[in-house]
Amino acid sequence: MKKLSIIVPVYNSQKYLRRCIESVVNQMREWVELIIVDDGSTDDSPYICDEYKMIDNISVIHKKNGGLSSARNAGLEIATGDYVFFLDSDDLIDGSLINDLGKYFDEDWDFLNFGYCFEKEENQFNPKGSKNTKILNQMEFIDLYCKNRYGNQICFRIYKKELFENIKFPYGKYYEDIATFYKIMLEAKKIMLVDYEYYIYNISNYSSITKKINRKCLGDMLAAIDEMYNGLLQCYDKNDNMRFLEYCKINQYIYILFKLLKCDEDVEDLKDHILKYLKNKKIGIKYLKYYNYKKYIAFKLLNLFRIIK
C-alpha cells in the first residue's frame, strides 16, 4: 500500500487544533503518518500537540518560529510517505478522505485535486460531491487553472512527495501557496480530479492571513502573482489559450488593487505597478463569467471616471 504523510503546521491555534488533529486520528491507517509541526507557538498549542506524540505513526516537531513555509518544509524533511498532504491547523478533513484514498491510489497521478466547503460558523459545514473522478494532463489542468476553475491553495490537494525534490516553500513570504503551486503544476504530468469536498475550510477564523491588509502581505502577493505568471508563460507558445493566463493575471491584480485601496500604509508604488500593467488590458466579455466580473466591472467604471488612475 502506498504511504501518505499528512503535515499539519501549527502556530497559536489552540482553539481549533484538537478537532483538526482528531479529524485525522479518527481515520488513521497503518499506511498514514501524521506530522505535527509546532512553529514556536506561544499559546497552549505545544501542549496540545504533545498529547498525541505517543500515538503510533504520529510525530511532533517543536521548532523556533519561522512562518508557515518554514513549518511545511520542516515536515517535508522528515516525511516518509510516497504522497504528502498539507492540512492547516484551523481546518479539518472529511471523515471519508483517508478511506477513499485507497481506491484513488489504484490510479497513477502526480497530484489529486479535490473540492472544499466553507465552515462559516463553528462546526457548520456540509461536504458535497459525487466522488466521480477524471484524469487530466498537465496543460488541460493549467488551462482550467487560468480560467479560474481551480485556485492556488496547497491544502486542497494531495501530492506525490517526489514533486518536492526541487521545490521548497519560500521562507519569510506571505501567500506562499501562489509562489509554490505554479511550480508544482510545471512538474506534474498527470492530475486526478475528484468531485467531492474533502477539505473543510474554516473562514470563521479572523486571525487568518487571508484577512490581513498590510503592505507586506499585499506586496508578497503581488510578487508571487508576477512569479506565477512568468513561470507559466513558458507553457504557452503564443497559442490562443495564452490569453487565459493574461486574464488570470488581470483578475488577480484587480483583486489586490481593491485590497490596496483599503490599506492604511503607503502602497502607492504597488498601486502604480498594478495600474501600469492594467492600462489598456481587458478580459473578453464572453469570458468574464470565469473571473470576478463584479470587481472587474467596478474597476473599469472607477478607471473610466478617473476615480482610480
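Reader: Where does Glu122 lie?

Author: In this predicted model, Glu122 is found in the loop between S6 and S7.

Reader: What makes Glu122 partly exposed?

Author: The relative accessible area of Glu122 is 40%. Buried means under 20% and exposed means over 50%, with partly exposed in between. The value of 40% falls between these limits, so Glu122 counts as partly exposed.

Reader: Which residues does Glu122 touch, not counting residues up to four places away in sequence?

Author: Glu122 touches Lys15 and Arg19. There is also a spatial relation to Ile203: Glu122 and Ile203 are 81 residues apart in sequence, and their C-alpha atoms are 9.3 Å apart in space.

Reader: Which place does Lys131 have, and why is Lys131 called partly exposed?

Author: Lys131 is likewise placed in the loop between S6 and strand S7 (133-137). Lys131 has a positive phi of about 65°, although it is not a glycine.

Reader: What is the phi of Asn12, and where does Asn12 lie?

Author: Asn12 is not a glycine, yet it has a positive phi of about 50°. Asn12 belongs to the loop between strand S1 (4-10) and helix H1 (14-25). At 30% relative accessibility, Asn12 lies between the limits of 20% and 50% and therefore counts as partly exposed.

Reader: How do you know whether Asp110 is buried or exposed?

Author: Asp110 has a relative accessibility of 12%. The limit for buried is under 20%, so Asp110 counts as buried. This residue lies in the loop between helix H4 (97-104) and strand S6 (111-119).

Reader: Which residues is Asp110 in contact with, leaving aside its neighbours within four places in sequence?

Author: Asp110 is in contact with Ile158, Tyr159, Lys160, Leu163, Ala188, Lys189 and Lys190. With Lys189 there is a specific approach: the side chain of Asp110 reaches the backbone nitrogen of Lys189 at 2.7 Å.

Reader: Why is helix H5 (residues 138-146) described as largely enclosed by the rest of the structure?

Author: Seven of the nine residues of H5 are buried, and H5 is therefore largely enclosed by the rest of the structure. The buried residues are Gln138, Phe141, Ile142, Asp143, Leu144, Tyr145 and Cys146.

Reader: How do you know the relation of H5 to helix H6 (residues 176-187)?

Author: H5 and H6 pack with their axes 9 Å apart, at an angle of about 150°. Angles over 145 degrees count as roughly antiparallel, so H5 is roughly antiparallel to H6. In this contact, Gln138, Phe141, Ile142 and Tyr145 of H5 meet Phe181, Met185, Leu186 and Glu187 of H6. By class, these residues divide into six nonpolar, one polar and one charged.

Reader: What makes helix H7 (residues 215-232) and helix H9 (residues 268-278) parallel or antiparallel?

Author: The axes of H7 and H9 come within 11 Å and cross at roughly 25°. Because angles under 35 degrees count as roughly parallel, H7 is roughly parallel to H9. Their crossing is left-handed. From H7, the contact involves Arg215, Gly219, Leu222 and Asp226, and from H9, Asp269, Leu270, His273 and Ile274. The contact of H7 with H9 has three nonpolar, two polar and three charged residues.

Reader: Why are helix H8 (residues 242-260) and helix H10 (residues 293-304) called roughly perpendicular?

Author: H8 and H10 pack at an angle of about 70°, and their axes are 10 Å apart. Since the range for roughly perpendicular runs from 65 to 115 degrees, H8 and H10 are roughly perpendicular to each other. The crossing of H8 and H10 is left-handed.

Reader: Which residues of H8 and H10 meet?

Author: Ile250, Ile254, Tyr255, Leu257 and Phe258 of H8 meet Lys295, Tyr296, Ala298, Phe299 and Leu302 of H10. The contact of H8 with H10 has nine nonpolar residues, no polar residues and one charged residue.

Key: Residues are numbered from 1 along each chain as its sequence is written. This is a predicted model: local features need pLDDT of at least 70, side-chain atom pairs count only at pLDDT 80 or more; totals for chains, interfaces and linings use all residues. Side-chain values use heavy atoms; hydrogens and water are left out. Axes are lines fitted to C-alpha atoms, for helices over the stretch in contact, and angles run from 0 to 180 degrees between N-to-C directions. Helices (H or I, at least four residues) and strands (E, at least two) are DSSP runs, numbered from the N terminus. A crossing is left-handed if the near helix is turned anticlockwise from the far one by less than a right angle, and right-handed if clockwise. Contact means heavy atoms within 4.5 Å. Ala, Val, Leu, Ile, Met, Phe, Trp, Tyr, Cys and Pro count as nonpolar, Asp, Glu, Lys and Arg as charged, and the others, Gly among them, as polar. Buried means under 20% relative accessible area, exposed over 50%, partly exposed in between (1.4 Å probe, protein chains only). A polar contact is a pair of N or O atoms within 3.5 Å; within protein, one must be able to donate a hydrogen and the other to accept it, and residues adjacent in sequence count only if both atoms are side-chain atoms.
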